[in-house]
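Me: I would like to learn how to read the sheet and the core of a protein model. Can we work through an example?

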Amino acid sequence: MSTFKIKKGDTVKVIAGKDKDKEGKVISVDAKANKVLVEGVNMITKHTKPSAANANGGIIQKEAPIDASNVMYVHKGKVTRVGFKMDKDKKVRFAKTTGDVID
């Protein structure tokens, strides 16, 4: 399996599906299932029973994971593909449109 190109904390733009063109921050990444959880994207309603944490229960809104192939990394306000290169003896991610090192 190759290295995952999107990491937690990255800003991404949805390029396919019902939330197309929405932007958000990545909350979590599931590399095994190839899914990402993006803030404010793919919202679902969940019916919860009363519990110690939520005394009343009820209907809550939360994010559901979306496939990583449906998001693109946002670099300086523009979407870009992400590549890897060696910077001295360290492997780094870079934006393919500008060539800038991301991290």
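Predicted model: local features only at pLDDT ≥ 70, side-chain atom pairs only at ≥ 80, totals over all residues.

Me: In what order do the 6 strands of the open sheet lie?

Reply: The order is S6-S3-S2-S1-S7-S8, and the pairing is antiparallel.

Me: Which strands stand at the edges, and why is one side of each left without a neighbour?

Reply: Strand S6 (66-67) and strand S8 (78-80) are the edge strands; each has a single partner strand, so one of its sides has no neighbour in the sheet.

Me: How many bridges join S7 and S8?

Reply: The two strands pair in the antiparallel sense over 3 bridges. His75 belongs to strand S7, which spans residues 71-75, and its bridge partner in S8 is Lys78.

Me: Is His75 buried or exposed?

Reply: Buried means under 20% relative accessible area. His75 has 13% relative accessibility and therefore counts as buried. Leaving out residues up to four places away in sequence, His75 touches Thr80, Ala95, Thr98 and Asp100.

Me: What should I look for in a core?

Reply: In soluble globular proteins, nonpolar side chains tend to be buried together. Here the largest nonpolar core has 11 residues, among them Phe4, Ile6, Val41 and Ile66. Strand S1 (11-14) and strand S3 (35-38) are the elements that each give two or more residues to this core.

Me: Which residues is Ile6 in contact with, leaving aside neighbours within four places in sequence?

Reply: Ile6 contacts Val12, Val26, Val29, Val36, Ala68, Val71 and Arg93. Of these partners, Val12, Val26, Val36, Ala68 and Val71 are also listed in the core.

Note on methods
Residues numbered from 1 in each chain as written. Heavy atoms only, no water. Core = buried A, V, L, I, M, F, W, Y, C linked by side-chain atoms within 4.5 Å. Buried < 20%, exposed > 50% of the residue type's maximum accessible area, 1.4 Å probe, protein only. Helix = DSSP H or I, 4+ residues; strand = E, 2+ residues; numbered from the N terminus. Contact = heavy atoms within 4.5 Å. Pairing = 2+ DSSP bridges.
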